[in-house]
Amino acid sequence: MITGFDTTVFPRLDFRNPEEFWKTVQEIKKFFKDHEAEMSVVKEKAHQFRQAYAIMDPFIQKYTAEVCPYCGNVCCCNKHGFPEFADVVAIIAMGGKVPEYDLSVDEGALCQFIGEKGCVLPRIERPYRCTWYFCEPLLLQIEIGPPKQYREFVQDVQYMGHARAELMEAFYHLWQKYKGT
Ligand code: SF4
Ligand code: SF4
């Protein structure tokens, strides 16, 4: 059973090197296009991952709306909004659009995708870390909530991680076959 997937097997997507960054994004897009006929398992796993996001989203929205307005150390900075290779794979596999990142921004400044009501990107177009990361105050708020809800939250997070791992496993199988890395 897959419990995690080491995404460091993929090439590094370095936002500090714009030319290489966009070249790699284009390479991933082209790979999906060129191997469309063999993407059925990837698409099936992507559908499950998207469902896992759909389950998590309202829950996260509820708690971030309660906790984040009082935060003195907002976690959404530009470097956290930039994707790794696996994030781009997931975005494309789920049918999302790779955002037009401005790579010239200050990596430590407030994320370019922060709007008045939080992140303006659909959840499937955000880096994975933007969904799995729970700061201490958020976790505390969830923990002091109803126990049943907390148990479901733990299960949903595990399901989401599992779904992503399966997606990456399926994609890597093809990537390795054609790219040999
Ligand atoms: S998730 Fe946590 S660290 Fe990030 S803005 Fe909300 S309260 Fe602050
Ligand atoms: S949740 Fe959105 S605004 Fe926050 S770091 Fe991620 S992409 Fe940026």
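This is a predicted model: local features need pLDDT of at least 70, side-chain atom pairs count only at pLDDT 80 or more; totals for chains, interfaces and linings use all residues.
Good morning, everyone. I shall begin with the overall fold. The protein contains seven helices and two strands. Read from the N terminus, its elements follow the order α-α-α-α-β-β-α-α-α. The radius of gyration is 17 Å, close to the 16 Å that the globule rule gives for 181 residues, so the protein is as compact as a globular protein of that length. Along the principal axes, the C-alpha atoms fill a box of roughly 50 × 40 × 25 Å. Of the contacts with a separation of 6 or more, 85% are between residues 24 or more positions apart.

Let us now turn to the interior. Buried residues account for 22% of the 181 residues. The largest nonpolar core has 26 residues, and those touching the most other members are F49, V88, V89, A90, A93, L167 and F171. At least two residues of this core come from each of α2, α4 (85-93) and α7 (147-179). Which residues does A93 touch, leaving aside those up to four places away in sequence? They are V42, K43, A46, L167 and F171.

Finally, I come to the ligands. The residues surrounding ligand 1 include T64, C68, C71, C75 and C135. Two elements, α2 (40-67) and α6 (136-143), each give two or more residues to this shell. By class, the shell holds eight nonpolar, two polar and no charged residues. Around ligand 2 we find, among others, C76, H80, C111, C119, R126 and C130. This second shell divides into eight nonpolar, two polar and one charged.

Thank you for your attention.

Conventions. Residues are numbered from 1 along each chain as its sequence is written. Chains are lettered from A and ligands numbered from 1 in the order in which they are written. A residue is near a molecule or strand if its C-beta atom, placed from the backbone, lies within 6 Å of it. Helices (H or I, at least four residues) and strands (E, at least two) are DSSP runs, numbered from the N terminus. Ala, Val, Leu, Ile, Met, Phe, Trp, Tyr, Cys and Pro count as nonpolar, Asp, Glu, Lys and Arg as charged, and the others, Gly among them, as polar. A nonpolar core is a set of buried Ala, Val, Leu, Ile, Met, Phe, Trp, Tyr and Cys residues joined through C-beta atoms within 7 Å. A residue is buried if 20 or more other C-beta atoms lie within 10 Å of its own, exposed if 12 or fewer, and partly exposed in between; C-beta atoms are placed from the backbone. Two residues are in contact if their C-beta atoms, placed from the backbone, lie within 7 Å. The radius of gyration is taken over C-alpha atoms; the globule rule is 2.2 Å times the number of residues to the power 0.38.
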